[in-house]
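I set out to record what I looked up in this structure, entry by entry. The chain is shown first.

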Amino acid sequence: MLLLLGFVLTYAFIAMVLGDMTLQNTSRGVQLLYFAIAGIAWTLPAGAIIWWMEHGFRLSRKPGAK
């Protein structure tokens, strides 16, 4: 859970800073497109972290056991 929280906070900060630094002189439409994509893109790695939290490597689990 802490990994997920740390990832989301770090991702949001980096996306915000990159967008602010590189898109200052662009149109509002380009800025909207960037932040819309950046606002959705974090879900892919977050989904992988959530999957890992649910199905992660467990030594005590036997193959085929539920």
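Is W51 buried or exposed? I found W51 in helix α3, and W51 is exposed, with a relative accessible area of 52%; buried means under 20%, exposed over 50%, and partly exposed in between (1.4 Å probe, protein chains only).

I noted that this is a predicted model, in which local features need pLDDT of at least 70 and side-chain atom pairs count only at pLDDT 80 or more, while totals for chains, interfaces and linings use all residues. Residues are numbered from 1 along each chain as its sequence is written, and side-chain values use heavy atoms, with hydrogens and water left out.

I looked up the elements next. The chain has three helices and zero strands (DSSP runs, H or I of at least four residues for helices and E of at least two for strands, numbered from the N terminus). Buried residues make up 14% of the 66 residues.

I then examined how α1 and α3 pack. Their axes, lines fitted to C-alpha atoms over the stretch in contact, lie 10 Å apart at an angle of about 175 degrees. The two helices are therefore roughly antiparallel, a term for angles over 145 degrees between N-to-C directions, on a scale from 0 to 180. In contact (heavy atoms within 4.5 Å), L3, L4 and F7 of α1 meet residues of α3 including P45, I49 and W52.

Technical notes: Angles under 35 degrees count as roughly parallel, over 145 as roughly antiparallel, 65 to 115 as roughly perpendicular and the rest as oblique.
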